[in-house]
Amino acid sequence: MSDKSIVDQVRETQVWKSIFRHGPPNNARNRAAIVAGNVFLHLHPIKLKKSGVQLGYTWCMGGLTFFIFLSLTVTGVLLMFYYRPTAEYAFNDIVALREHVPLGIMREIHRWGAHAMVITVWLHMFRVFMTGSYKPPREFNWGVGVILLVLTLLLSFTGYLLPWDQLAIWAITVGSNMAKATPFLGHGGPGATLAQIGDFILVSDKNDVRFQLLGGRFVGEPALLRFYILHCVFIPLVVGVLIAIHFWRVRKDGGISAPL
Amino acid sequence: MEALKEFVNILSGPQYSFTLTLIMFYLLMKYYRIIGTKKFAWGFVILMTPVYLWFMSDDVFRTIIATPDNIPISILLFSVFFFTWLTVHKAAINDERIEAGECPIEGLPENREKVWSWPNLVYNELFVIIAGTIFLIVWAIIFKAPLEEPANPTWAPNPAKAPWYFLGLQEMLVYFDPWMAGVVLPVFIIIGLVAIPYIDTNPKGNGYYTFSERKMAISCFMFGWLVLWIFLIIIGTFLRGPNWTFYGPFEYWDFHKVVAEANINLSEIIWIKMLGTTMPSNLIVREIFGIFVILAYFGISGAMITKKWGQDILEKTGKIRYYFFLFLVLFMATLPIKMYLRWLFTLKYIVALPEWELNL
Ligand code: HEM
């Protein structure tokens, strides 16, 4: 016993062995077992081409995007403990968050992380384009990626409203006013005035797409609740599912792209 | 110094800075092998650092740049510069190898060799996670998340800006109506992006950096991404003040700047100025020239482009792919075209049908 290092002694305890079912990563069999036997690591292949590991090739931008997404999930859950999505409380809860919560940088990490994720997802797309990685057999995964990009922007956009300050409601007003101009579906868009039966106007500011988005004719309390649910529940769930598909397909399409 | 600042202010005007960006883009595409050298990169950094410091020494400029919500755009800008250079650098090396009959770097035997995920990949990821965590925490400690006055639906701030990643679209509102800038163009951007793998049938350049083997695809993509998307975001964030008026980087946003905007529709130019009559009351007759211009743009110029440059791609990729590609490119080009028409002829709309909310 005494000539073994502490690490090895720990490795031999029943507790350790019950958690990690493999030995130290000093031989091929164990290295394979580590990756294949861990629910998180098994997203990876056991072995891969060296070019796919190099930071200079992938920039690990997709991985970084995923990491930021996870950080946002964690900090977002923490923020939800303090935040109530009503016109009465929302703003004050954010003020309380910055004034009364000790060492509070969760809101900062969440906000800057959201910005950073937009940047990294763009750069990831740029890398994938520049290495031609959308070419067969990866066409479909590129499409999944584009949807992820759009959802990332929407996540960021819906979150922008939640602090319920001037910056928030007016940025969302500017953004959602665009929906008003949707052809045929928005009351200020081309074709909307044509959709009339006699005197009855089919598309008005009380039923067009912007109304559906905001739950009203302007950015008010119903919009806050809608954006809150989209931001905290619906879009993250969809993004989570799509990321799972995205990763699955990276593997199934033959791993990180490399010259044929 | 003041004169120099005044000069920079004028040069930043959208019409000049966009033209400069176009020229820079052309140079990048043409001389990417020189730009992709490390020497060039260092030269650029050494040259630009004093310029950047000089910009930052100006109070007005620093106020805008250091607004917490604008920090991401600086980060975006630096990373776009860096990663564009990096791809060009790698492409230049590979292109030279390919010309010499060698394989790209990524295809060398030592890079095709299979390595264990543990530790190679997992440790890289760990490094990225740690670096990312440190970066976010430092950023979060230095810059407080902004919080303004409580929401007040009766008082709009001026300018009211969308979040920065949508400012390219908001900037397009200067040249297009909301239904184009806010709905049709974004939808086509998304459709166009999804369609890329199905349009681009060139099998080369899959899995390594190259430019010479994919000139067409890369220049189209980079044009949309750098010259249109990134450029418009920068104008929209840093150079648009109250009432969406243009302000140079050293110009104080003083709310009183009045810019005489006498934009005029194509129909008015033709009927009133050129033909000297009144505007016809029939809407279609009134706008007939504009409608013709639009149709001719897509039809005639499309046919001419096909004849001059397109035959090759048309044969290789087939009709559907080719014409869809042509349509997307022509559609993307409407934005810079409309920008120049505005700057050169103060043209407002080519087709102006406010009666139907249909202005182009
Ligand atoms: C939430 C957003 C996204 C996440 C978390 C994500 C994550 C990842 C990860 C971890 C990889 C492995 C390689 C790497 O790190 O580069 C990857 C590969 C890939 N991604 Fe994404 N991605 C996202 C968005 C996108 C977007 C916007 C696109 C393109 C429009 C895209 C297209 C692809 C493709 C085609 C691959 C395979 C690349 C190759 O084989 O070289 N992804 N993604």
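**Close-up views of a predicted model**

**View 1. A cis peptide bond in a loop of chain A.** Pro137(A) sits in the loop that runs between helix 8 and helix 9 of chain A. The model shown here and in the other views is predicted. Pro137(A) is joined to Pro136(A) by a cis peptide bond, with omega at about 5°. Helix 8 covers residues 106-130 of chain A and helix 9 covers residues 139-161.

**View 2. A cis peptide bond in a loop of chain B.** The bond that leads from Asn158(B) to Pro159(B) is cis, and its omega is near 0°. Pro159(B) belongs to the loop between helix 8 (117-142) and helix 9 (167-172) of chain B.

**View 3. The residues around the ligand.** The ligand has 26 residues around it, and those that come nearest are His124(A), Arg127(A), Gly145(A), His246(A) and Ser257(A). Sorted by class, this shell holds 13 nonpolar, 11 polar and 2 charged residues. Four helices of chain A each give the shell at least two residues: helix 6 (61-80), helix 8 (106-130), helix 9 (139-161) and helix 12 (221-252).

View 4. A nitrogen atom of the ligand lies 2.8 Å from a side-chain N or O atom of His124(A). For His246(A), too, the distance from a side-chain N or O atom to a nitrogen atom of the ligand is 2.8 Å.

**View 5. The largest cavity and its lining.** The model has 1 cavity of 30 Å³ or more. The volume of the largest cavity is about 60 Å³. Its lining includes Met130(A) from chain A, together with residues of chain B, among them Leu28(B), Tyr32(B), Thr87(B), Phe211(B) and Met222(B). Helix 2 (14-30), helix 6 (71-99) and helix 11 (215-238) of chain B are the elements that provide two or more lining residues. Of these, helix 6 of chain B gives the most, with 3 residues. The lining consists of 9 nonpolar residues and 1 polar residue, with no charged residues.

View 6. Cys60(A) is part of the loop between helix 5 (55-58) and helix 6 of chain A. Its relative accessible area is 13%, so Cys60(A) counts as buried, the limit being under 20%. In chain B, Asn243(B) also has a positive phi, near 60°. Asn243(B) lies in the loop between helix 11 and helix 12 (266-274) of chain B. Asn243(B) is exposed, because its relative accessibility is 52% and the limit is over 50%.

View 7. Ala171(A) is in helix 10 of chain A, which spans residues 166-180. With a relative accessible area of 1%, Ala171(A) is buried. Its C-alpha atom is 7.8 Å from that of Leu161(A), a residue 10 positions away along the chain. Val74(A) is in helix 6 of chain A and, at 53% relative accessibility, is exposed. Between the C-alpha atoms of Val74(A) and Met106(A) the distance is 9.3 Å, and the two residues are 32 apart along the chain.

**View 8. Two domains of chain A.** The domain assignment divides off domain 1 (1-47) and domain 2 (55-165 + 221-252) in chain A. The C-alpha centres of these two domains are 33 Å apart.

Technical notes: Residues numbered from 1 in each chain as written. Chains lettered and ligands numbered in written order. Predicted model: local features only at pLDDT ≥ 70, side-chain atom pairs only at ≥ 80, totals over all residues. Heavy atoms only, no water. Near = heavy atom within 4 Å. Polar contact = N/O pair within 3.5 Å; in protein donor to acceptor, adjacent residues only side chain to side chain. Nonpolar A, V, L, I, M, F, W, Y, C, P; charged D, E, K, R; others polar. Domains from an automatic or database assignment. 1 Å grid on protein atoms, 1.4 Å probe; cavity = no way out; pocket = protein on both sides within 12 Å on 5 of 7 lines; lining within 4 Å. Points joined across faces, edges and corners; volume = space filled by probe spheres on them. Buried < 20%, exposed > 50% of the residue type's maximum accessible area, 1.4 Å probe, protein only.
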